2 protein chains.
Amino acid sequence: MNQSYKQKQSVTYYMCDRTQQLTLSMLVNVLLNVSENHSAELNRQESVIREMGFNWIVLRYEFVVTRMPHYKEEVEIETFATEYNKLFTYREFIVRDNNQNELIKVKTTFALMNIENRKMTRIPSEVINPYQADFSKRIRRNAKPHEVDLIQAVQTNYSVRYFDIDANQHVNNSKYIEWLLDSLNASFMASHQIQHGIITFDKEVKEDDTVTSKVSHRSDAHLYTDHQILVDETIHASASFQWNER
Amino acid sequence: MNQSYKQKQSVTYYMCDRTQQLTLSMLVNVLLNVSENHSAELNRQESVIREMGFNWIVLRYEFVVTRMPHYKEEVEIETFATEYNKLFTYREFIVRDNNQNELIKVKTTFALMNIENRKMTRIPSEVINPYQADFSKRIRRNAKPHEVDLIQAVQTNYSVRYFDIDANQHVNNSKYIEWLLDSLNASFMASHQIQHGIITFDKEVKEDDTVTSKVSHRSDAHLYTDHQILVDETIHASASFQWNER
């Protein structure tokens, strides 16, 4: 049985957008904090992993959003590692309201980076064993973000700022989400909410980079936006979001 | 006797910079959260004040920093309103470590904004009474930030982003702090820490504004930086920080 970990979380003012709902970037911050607390309980906190010469990095998020928590709401966040193979481990998060209704489900793919050469590395059993996840030889084929329609895409440039870099000397994951969503029109953002999203991270953004955030719109039965984060024409991250009106 | 309120706070990863210390902008977010929890205990939470037609705004911060808390540290934050007059109320925050050592002291000036005309308004007794602060007719003369040396100042431009605007349809205070500090050289930031700081807010920054962050350096016995946030040559905020080497 997988080791599961639960934590209560209050939604504070600084976690919310102008509509008093938790932002996607703060959701990711909060989830990774819960994940770290889970690891600490198993004596696999960041400092222990770093001493072994590794950092965890997140390669993919998939969000299913029933409702974003609102300001002052207290939610419960559950997390567990579901499965791993030699290169990846899969972790899920479930955010529930006070009546145990599921508000958000998030599937993530983690990989281990060697701090010295900043490359992905095979996951040693001493790192992963305490989580009691299932080992599977098979590497999952996860759905990818939809291609951006480059003909109709609009683009916005962002300089990497001092506080975008976190203690791992990375641009923090949550900053990519701000670049992705800020590139949308403000009135679109204020009148729509995310129902589903996939974000994949392909390449690190560096301190002195200027990133370009491209976005195009698409609709069938639903409304979608497709996104790319580029540095010098190279894709560093991609995303697709499905939206409904507020 | 003033009503005092205390709250424990864990310093999470997303609150820290690349040196694993709490950032000044997250400090401000966390303090305002504690202040709101204090108000809620006195039934003067944001929603109650808003129903009366008002919002609190912060006009000034003064920071005295002995040491910034680090990642995973648990601190205790105490806050109380010290004094008020017809236009302003003064609130202090003390951040202490687990051994009750004082890490940070922050003095703030709050004013009440009328939501309809977005102008400052006289503070009614029903708003302020529960805090049991002292009334004083005298309006304090607080020290102001030092003037920027415009001849040697360097400037950086920032567009207001979607997530910079908070639920009060303001640019959140913490964003000004990011503009102020990001305009400094990254190697200066990584090798120095703030010992003292004053920030004053003069005028709101609006959604579609592009702000200019100007900074100049100054030294006598200590090292200082002086800052302005401008929109179209009008000063919207000013700051001075005193630094020491890490």
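Me: Which residue of chain B comes closest to the rotation axis?

Reply: In this predicted model, that residue is Y158(B), whose C-alpha lies at 4.8 Å from the axis.

Me: How do you know that the two copies are related as by a two-fold rotation axis?

Reply: Copies are superposed by least squares on the C-alpha atoms of residues with pLDDT of at least 70 in both. Chain B is laid on chain A by a turn of 180 degrees, with a shift of 0.0 Å along the axis and an RMSD of 0.0 Å. The copies are therefore related as by a two-fold rotation axis.

Me: What makes a residue part of the contact, and how many residues does each chain give?

Reply: Contact means heavy atoms within 4.5 Å. Chain B gives 38 residues and chain A gives 38 residues.

Me: What area do chain B and chain A bury between them?

Reply: Buried area is the accessible area (1.4 Å probe) that two parts lose on being put together, summed over both. For chain B and chain A this comes to about 3600 Å², with 51% of it on carbon and sulfur atoms. R18(B), R161(B) and Y162(B) supply 26% of the area that chain B buries against chain A, more than any other three residues.

Me: Why is T12(A) called buried?

Reply: A residue is buried under 20% relative accessible area, exposed over 50%, and partly exposed in between (1.4 Å probe, protein chains only). T12(A) has a relative accessible area of 8%, and is therefore buried. Leaving out residues up to four places away in sequence, T12(A) touches Y71(A) and N33(B).

Me: What makes α4(B) mostly covered?

Reply: Helices are DSSP runs (H or I, at least four residues), and strands are runs of E (at least two), numbered from the N terminus. In α4(B), 10 of its 10 residues are buried, among them W179(B) and L180(B).

Me: How are residues and chains labelled, and which parts of the model count?

Reply: Residues are numbered from 1 along each chain as its sequence is written, and chains are lettered from A and ligands numbered from 1 in the order in which they are written. Local features need pLDDT of at least 70, side-chain atom pairs count only at pLDDT 80 or more, and totals for chains, interfaces and linings use all residues, while side-chain values use heavy atoms, with hydrogens and water left out.
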